[in-house]
Amino acid sequence: MSIDLRGAPVLVVGAGIMGIGIVQVAALAGHPVKLFDMREGAASQALDKLAGTLKSLVDKGRLDAEAARAAMDRTAAINSLAQARDSALVVEAIVEQLEAKRSLFDELEGIVAPGAVLATNTSSISVTAIANGLQHPGRLVGMHFFNPVPLMKLVEVVSGLQTEPTVAEAIFELSKAWGKTPVHAKSTPGFIVNRIARPYYAETLALLLEQAATPQVLDACLKAAGFRMGPCELMDLIGHDTNFAVTNSVYEANFYDKRFVPSLVQREMVAGGLLGRKSGRGFYRYAAG
């Protein structure tokens, strides 16, 4: 039997840049959306920023004012997962750590209905591993968006070994309804995009380690070759903490294949808090505003 999630109540867990982007897309598509974050006040602050983002789109003539108002009216920040019992879809966008995700979904199973779909926005962690221990592992599926969520069309619909085909198909169809371009993927290391992208970052980081060129030169070279963004500015946009975590995950999942080895350059940047745009400095400096 098929699952229809159009217009269904959505819970997004994680009020970071990915989470709030998912809220924006879902709310504009007509869903009532609740946002939860463990950090006190983070969800409310994220929705305030979203209101500013939508106002900016209205001011630029890219969004109807009534549509923006209606979308914000459909959103709410909650301070307890129990306030989202009616959710038909949960999209997790928290820290890229297996145990944190497992713990969250274990808690959610005791809150949402047995028929609710559980989706993880993981970039590279095994969907099969995240589902391990759940009472209903078949309803867990990967729904991997790309940053920035409102602009990037691709969504990887990732099936673990126990993901039910009807669940994956429901997320596939929902992604299309949200104006995205979904692709089915198996739960393999890095899925599709992050497996392909690792060399894009790794070769650049290797050249930086050797001091063969500056970030500016390497970005210019890759953009001249046809890439929309250079690897250094793209890592700054993603966040070096996230990018480094994904690299480590793919490296481990591939039995420490040297082709996916993490970079000392990026480890040093993460250790120093130079995370890119989110921290104000990565390979480049980002002034406030």
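At what angle do helix H2 and helix H3 pack, and how far apart are their axes? The angle is about 170°, with the axes 9 Å apart. This is a predicted model, in which local features need pLDDT of at least 70, side-chain atom pairs count only at pLDDT 80 or more, and totals for chains, interfaces and linings use all residues. Residues are numbered from 1 along each chain as its sequence is written, and side-chain values use heavy atoms, leaving out hydrogens and water.

**Helices H2 and H3**
- H2 covers residues 42-59 and H3 covers residues 65-73; helices (H or I, at least four residues) and strands (E, at least two) are DSSP runs numbered from the N terminus.
- Their angle makes H2 roughly antiparallel to H3 (over 145 degrees, between N-to-C directions of lines fitted to C-alpha atoms over the stretch in contact).
- Leu47, Leu50, Ala51, Leu54 and Val58 of H2 meet Ala65, Ala68, Ala71 and Met72 of H3, where contact means heavy atoms within 4.5 Å.

**Arg198**
- Arg198 sits in helix H7 (residues 193-209).
- Arg198 is buried (under 20% relative accessible area, 1.4 Å probe, protein chains only).
- Arg198 has no salt bridge (a side-chain nitrogen of Lys or Arg within 4 Å of a carboxyl oxygen of Asp or Glu).
- Glu96, the nearest side chain of opposite charge, is 9.2 Å away from Arg198; Lys and Arg count as positive, Asp and Glu as negative, and His and the chain ends are not counted.

**Gln162**
- Gln162 lies in the loop between strand S7 (154-159) and helix H6 (165-177).
- Gln162 and Gly138 are 24 residues apart in sequence, yet 5.0 Å apart in space, C-alpha to C-alpha.

Methods
Buried means under 20% relative accessible area, exposed over 50%, partly exposed in between (1.4 Å probe, protein chains only). Axes are lines fitted to C-alpha atoms, for helices over the stretch in contact, and angles run from 0 to 180 degrees between N-to-C directions. Angles under 35 degrees count as roughly parallel, over 145 as roughly antiparallel, 65 to 115 as roughly perpendicular and the rest as oblique.
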